[in-house]
Amino acid sequence: MSTAILTGLPVPGSSLAHDLRSLGFDVRTATSTAETAGLLADVPPAERVALVDPRFVGHLHALRLALTDPRFPLAAVPGALTAQPEARTALVRAVGAVERSAALSPATADHPAGTTGTTQAASAVLADGASLADRAAAALDAEGAGVQRPELGSLVATVPLDTASRQEAAAAVAAVDDEAVRLRSAVKARDGFFTTYCISPYSRYLARWCARRGLTPNQVTTASLVTALIAAACAATGTRGGYVAAGVLLLFSFVLDCTDGQLARYSLQYSTMGAWLDATFDRAKEYAYYAGLALGAARNGDDVWALALGAMILQTCRHVVDFSFNEANVDATAATSTGKAVVGTPTAALSSKLDSVGWTVWVRRMIVLPIGERWAMIAVLTAVTTPRVVFYALLIGCGFAACYTSAGRILRSVTRRAVRTERAARALADLADSGPVAETVSRLLGRLKAYPPFGLRPFVAFAGGALLVAAACFEPFGSSWVVLAAALYAVLAGAAVTGPLTGALDWLVPPVLRAAEYSTVLVLAARSDVNGALPAAFGLVAAVAYHHYDTVYRIRGGTGAPPRWLVRTILGHEGRTLVVTALAAVLATRGTDLTVALTVLASAVALVALVESVRFWVSSGAPAVHDEGEPA
């Protein structure tokens, strides 16, 4: 149980102690700084602890945001400060600094000899009347401990010093509906049109209903997955009734998908397991639904597995483009050739101008087919048309969205001279997913100092991928030339990642490599004319895509890519491509043996990647990656 220490006697008539207990705190009272330090030392080291000024006046949700969010080791609002176990030592130092500063006489308060910087901050910076919690927070800031201060918006959190100001603060609290703010904060500030206007207006109330019944975000996420899998099973029946049910269930799955995040923000139930589930289940639901549609079409004699796999490849590559571009630019510094910072670029200026016109914001969000619009389109088309029409619409819509976003990002990259960090270069190299062959080539070229010309790395990768896919398309199925093209692709892929990926367009290297690997599997399976080869290829790409998504979310969480042994075990992108092309060449005339081989390879990749992924995400060191809600 968490512990809250009131740093003084309670104010008569105050509900503060009751509010703290409703948030799960055991409330204790101290009458001096020394007594506070003693109570702080008595709290078990594995528990969260909070310091709260008894004069505090504010909304319950303001206290909830400051004192119960599990993502931040230290957090504060005026009059309240909390520390999780990993930050307890820093809090103890800060309270000690405040205690020492309080003991200083006025004559020695101006930075006496032997006083630490933290003590100086506590004694010299803060005005008289400040609470112990605020003094300790300032001392932590001076120490560089990084105290999180949540956005309160219209919420009130203050420490009034007299009766009049206390009455004013109480009136301000009464003027704002705490629950309405909490519900509004549960919804993401930036979302698609369909989600914002068709889902969130009621899903937030479903989130509150779940919270009041003790349901967790992980349970809602699992319910969303189960609903989507049932939808996929309905689609697999191949009947009109099954298609209608599938569309309805897919929309309900999306409602639950929105609800789990809103529930997490509403109740501040963030967790490492929740981060993993949220990061992977959306893709699992969508791609399982693609498979259900393909199975349903097959029941009616229409083979759309190639379209299903193509839609999955296109959607995955779109995400890789997003992740790669963001990782390359998240901490980049725009600069001229002389190193001076650039305020903006023509593309950024145009984007800002368009954002100033309200309707253009929604149009630009809708045309990129975010998950809400995409799933709504899939659900409606499933109910009223056929799986083939669904996939045609997906390929056209997602293809247009991919061209639109990629063109804008390429233009932005070439017009904005960005100085990218070593961290960004490392992230791009990890996203490349280079295996033993590419690593060996890269190491050899590095020793020879035979780096690709600066700025040409994505073109080197593209040349290798284009040659490979062209060979797979136009050479006779089973030709050894495709294997040779895969070997050349591996060499060029290794060359593309030789040296740091800091060029303006180097963020294109990972998505180019993804497209080359996935497309080769698709083309070879489609051209084999072997029964079951395309479904097996679908499973292989799905397993590899899971590994790539897992890599992305680890990097976003700040823990780096999966361990190198995992990447080497599943051969890297170039190793898997070599294996697939070799299998196609060797088993070209052996009937369904290719299907069996692809299935075995898919199972092996899925098993190794999934076991390591589960181990990582359930470990205590895994990050909680969640989107923020709208500031209150």
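Reader: Is Ser 200 buried or exposed?
Author: Buried. Its relative accessible area is 1%. Keep in mind that this is a predicted model.

Reader: Where is Ser 200?
Author: Ser 200 is in helix α9, which covers residues 193-212.

Reader: And what does Ser 200 touch?
Author: Leaving out residues up to four places away in sequence, Ser 200 touches Val 187, Thr 195 and Gln 262.

Reader: OK, surface now. Which residues make the nonpolar surface patch of about 280 Å²?
Author: Phe 193, Tyr 197 and Met 366 make that patch.

Reader: Where does Met 366 sit?
Author: Met 366 is in helix α15, residues 358-366.

Reader: Why does Met 366 count as partly exposed?
Author: Because its relative accessibility is 34%. Partly exposed is the range between the buried cut-off, under 20%, and the exposed one, over 50%.

Reader: Switching to charges. How many salt bridges does the structure hold?
Author: It holds 23 salt bridges. Let's go through a few.

Reader: Which residue pairs with Glu 439?
Author: Arg 568. The closest N and O atoms of Glu 439 and Arg 568 are 3.2 Å apart. This pair links distant parts of the chain, 129 residues apart. Glu 439 belongs to helix α19 (residues 436-447), and Arg 568 to helix α24 (residues 564-569).

Reader: How covered are those two?
Author: Glu 439 is buried, at 17% relative accessible area. Arg 568 is partly exposed, at 38%.

Reader: Next one. What does Glu 517 bridge to?
Author: Glu 517 forms a salt bridge with Arg 576, and their closest N and O atoms are 2.7 Å apart. Glu 517 lies in helix α22 (residues 509-528) and Arg 576 in helix α25 (residues 572-586), so the pair ties together parts 59 residues apart in sequence.

Reader: Is Glu 517 buried or exposed?
Author: Buried, with a relative accessible area of 4%. Arg 576 is buried too, at 2%.

Reader: What about Arg 554?
Author: Arg 554 forms a salt bridge with Asp 550, the closest N and O atoms being 3.0 Å apart. Both residues are buried. Salt bridges with shared partners join Asp 550, Arg 554, Glu 612 and Arg 615 into one network.

Reader: Why are Arg 554 and Asp 550 separated by about one helical turn?
Author: Because they are four residues apart in helix α23, residues 533-556.

Reader: How many are nonpolar, polar and charged?
Author: In the contact of α12 with α26, six are nonpolar, two are polar and none is charged.

Reader: Last one. Where is Gly 435?
Author: Gly 435 is in the loop between α18 (422-432) and α19. Gly 435 is buried, at 0% relative accessibility.

Reader: What does Gly 435 touch?
Author: Leu 571, Gly 572 and Glu 574, again leaving out residues up to four places away in sequence. Gly 435 and Leu 571 are 136 residues apart along the chain, yet their C-alpha atoms are separated by 5.1 Å.

Definitions and conventions. Residues are numbered from 1 along each chain as its sequence is written. This is a predicted model: local features need pLDDT of at least 70, side-chain atom pairs count only at pLDDT 80 or more; totals for chains, interfaces and linings use all residues. Side-chain values use heavy atoms; hydrogens and water are left out. Patches are made of residues with over 30% relative accessible area and no salt bridge: like charges are joined within 9 Å, nonpolar side chains (Val, Leu, Ile, Met, Phe, Trp, Tyr) within 5 Å. Accessible areas come from the Shrake-Rupley method with a 1.4 Å probe; for residues, only the protein chains shown count as cover. A salt bridge is a side-chain nitrogen of Lys or Arg within 4 Å of a carboxyl oxygen of Asp or Glu. Helices (H or I, at least four residues) and strands (E, at least two) are DSSP runs, numbered from the N terminus. Buried means under 20% relative accessible area, exposed over 50%, partly exposed in between (1.4 Å probe, protein chains only). Ala, Val, Leu, Ile, Met, Phe, Trp, Tyr, Cys and Pro count as nonpolar, Asp, Glu, Lys and Arg as charged, and the others, Gly among them, as polar. Contact means heavy atoms within 4.5 Å.
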